[in-house]
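This briefing covers the ligand site, the chain contact, the domains and some backbone features of the model below.

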Amino acid sequence: MSDVKVLTARWGKKDSHTLASYKADGGYGALEKALSMPQPGIVEEVKISNLRGRGGAGFATGLKWTFLPKDIRPRYLCVNADESEPGTFKDRYIIENDPHMLLEGIAITCYALDIHLAYIYIRGEFPKQAAALEQALAEAREAGIIGKKLMGKDFDLEVHVHRGAGAYICGEESALMESLEGKKGYPRLKPPFPAVVGLWGKPTIINNVETLANVPWIVKHGGAAFAALGTGKSGGTRLFGVSGNVKRPGIYEKPVHYNLKKLIMEDCGGTASGRPVKAVIPGGSSSPVLRGDEIDVSLEFDAIKAAGTMSGSGGVIVMDDSVCMVRVLSRVTKFYAEESCGQCTPCREGTPWMESLCEKIEHGHGVPGDADKLLDMANHIGGFTICALGDAASMPVQSFVKKFKDDFERHIAEHRCPFGEGAWGVSQDSREAVIGGMRA
Amino acid sequence: MPPHDPTKPGDWKDLPKDQVARFDAALAPVLQRYPPDKKEAAMIPALRIGQEIFGHAGTAVQQLCAERLGTSPARAEEVATFYVMFHTHPTGKHLLEICTNVSCCLAGADRMFEQLKRRLGVENGGTTKDGRITLREVECLGSCGTAPAVLVDEKVMEERVSPQKLETILGGLQ
Ligand SMILES: Cc1cc2nc3c(=O)[nH]c(=O)nc-3n(C[C@H](O)[C@H](O)[C@H](O)COP(=O)(O)O)c2cc1C
Ligand code: FES
């Protein structure tokens, strides 16, 4: 398996975030190349690359781009830098270490799709990263890369940073557009999809930060080279963010089809405690949990789907056998109860029910049948809501109860948490973090 | 002028003139980012500026934002109450927010949160008696690899926070 670095190659270099450093390493060369290509040719390369969305759903990027109606203008680009899925912490490092790579990806995308206005929607809790983007944008405007002309070419492009204000739901693409329009983040019914009716009712492409950061490499090396880094219908590398009970948590750039067990046991050094892996959440807190004996799987979108879960946002959370699964699920259900926007009844009402029933079991007040009741609640939320937050809230419940039924039954039988005070497991305060190959 | 009581319906015209002028000056460049007929898109930035200048985003500030963006106060209120980073009531001088989501708790955040509550004598969302610190439990801050994470004054992200580091952070919040 190759160890080509598409995204992290420049991380850790001195002043890697500056335009001077980026240009010294050949930065904006891909934009220059793109500007000499026919626009549909760029889209074609992205299609060939098998680039798939890194925001969670893994949708084919090139295909999404072709959904734009031919003759409606203006069109907009929204860059999703909301990064709020628990366990996910990758986009921020792209922004901190190599913001110009993202800007170059945005510029190429806009040129290819005839878009003249783009917004980077960044979560409000990332003030430092928002400032880094503003600074990079200022540099790019000053240098005549972005603005009235795109690197001297007659193509005007404006890119703006728009900061959110604390709401997980605004990472969902239609809620993001509502929020950007100055409203609360209520997701919209789909169809119509954003590519047809998006921001201010106009065709809009929404892509994740990491997705777009790959575009310069694809243009530079060709779609086929990118596809070759991956396998099947998934090209390239990904940033996997590993957290929880591992020796070396952090960001690892690996081919899309890297093995989950290898990532945890070799790259991250296994559990910090040396105890067996009990559970792994492989792609952000919404993805169904895997038992320790199920982690020998490829992280590739379709392969891991066949294993009953998803690699979603690439956020891998590892738990050793000292951790109480009911405690963890309680916290996960609390998250979705907090973050449900309140628009759909099953989600608004159901998520707090799941949380309180989970808490009840955790505190030893559960009665036989409660685990099944939890499942029943989850089954009545997922699939019955406007957006996928309902599914995101149900999948952890369904998988935790199914895979760790023992933990639930023991709480109910013993009328207490068998893990007691230490339900979160042995403390991990002394670990080292590794970000893209460097010590953080 | 006495501070405006945010629990009462306010009128932006009662807000101190010099602060309103500062608000307008800060808002003007932000408005350039949106198409001229889409001014209300600046609601989040406007409320954020208002909150910074007036201390919180209560009804008078909401009204001011709505007035400047050409939309209804109800729209401003809907936004101010939807997002957790807007405070419709005054908070303590400093805001200390600790993530207690899964990765942070696996790194000891639950115990630190308990320690903080005892140490400051407040519950979640409470403000210390001297008005110095408001403590809040928050959701994942996107720092799970360097957990536990604490956000100070919605500006500075403290990562790999240990109980000792927490003491240092608290000491800095004067
Ligand atoms: C509840 C919810 C939260 C989401 N949060 C994010 C997020 O924080 N960042 C992100 O890029 N995508 C997020 N998504 C996925 C987006 O809706 C969308 O699929 C993505 O931005 C598309 O970009 P991509 O194709 O490049 O991945 C979320 C989806 C849902 C349902
Ligand atoms: S879980 Fe605390 S920062 Fe992600």
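How many residues does the contact take from chain A and from chain B? The contact, meaning heavy atoms within 4.5 Å, takes 62 residues from chain A and 45 residues from chain B. This is a predicted model, in which local features need pLDDT of at least 70 and side-chain atom pairs count only at pLDDT 80 or more, while totals for chains, interfaces and linings use all residues. Residues are numbered from 1 along each chain as its sequence is written, chains are lettered from A and ligands numbered from 1 in the order in which they are written, and side-chain values use heavy atoms, with hydrogens and water left out.

**Contact between the chains**

- About 4100 Å² is buried between chain A and chain B, and 55% of it is on carbon and sulfur atoms. Buried area is the accessible area (1.4 Å probe) that two parts lose on being put together, summed over both.
- On the chain A side, A:A165, A:R331 and A:W424 supply 16% of the area buried against chain B, more than any other three residues.

**Ligand 1**

- The shell around ligand 1 has 17 residues, of which A:G55, A:N80, A:N207, A:N208 and A:T211 come nearest. A residue is near if one of its heavy atoms lies within 4 Å of the molecule.
- By class, the shell holds 3 nonpolar, 8 polar and 6 charged residues. Ala, Val, Leu, Ile, Met, Phe, Trp, Tyr, Cys and Pro count as nonpolar, Asp, Glu, Lys and Arg as charged, and the others, Gly among them, as polar.
- Strand β4 (residues 204-208) of chain A gives the most to this shell, with 3 residues. Helices (H or I, at least four residues) and strands (E, at least two) are DSSP runs, numbered from the N terminus.
- Polar contacts are pairs of N or O atoms within 3.5 Å. An oxygen atom of ligand 1 lies 2.7 Å from a side-chain N or O atom of A:N208, and an oxygen atom of ligand 1 lies 2.7 Å from a side-chain N or O atom of A:T211.
- The backbone also takes part: a polar backbone atom of A:R54 is 3.3 Å from an oxygen atom of ligand 1.
- Ligand 1 has 620 Å² of accessible area on its own, and the protein covers 90% of it. Accessible areas come from the Shrake-Rupley method with a 1.4 Å probe.

**Domains of chain A**

- Chain A is assigned domain 1 (19-229), domain 2 (237-320) and domain 3 (325-424); the bounds come from an automatic or database domain assignment.
- The C-alpha centres of domain 1 and domain 3 of chain A are 36 Å apart, and 12 residues of domain 1 are in contact with 10 residues of domain 3.
- A:Y168, A:Y186 and A:P187 supply 55% of the area that domain 1 buries against domain 3, more than any other three residues.

**Chain B**

- Chain B has 7 helices and 4 strands.
- Its assigned domains are domain 1 (12-82) and domain 2 (94-171), with C-alpha centres 29 Å apart.

**Backbone features of chain A**

- Most residues other than glycine have a negative phi, and most peptide bonds are trans.
- The peptide bond from A:R73 to A:P74 is cis, with omega near -5°; A:P74 sits in the loop between α4 (61-65) and β1 (76-81).
- The peptide bond from A:P191 to A:P192 is also cis, with omega near 0°.
- A:D15, not a glycine, has a positive phi of about 50°.

Terms used: Polar contact = N/O pair within 3.5 Å; in protein donor to acceptor, adjacent residues only side chain to side chain.
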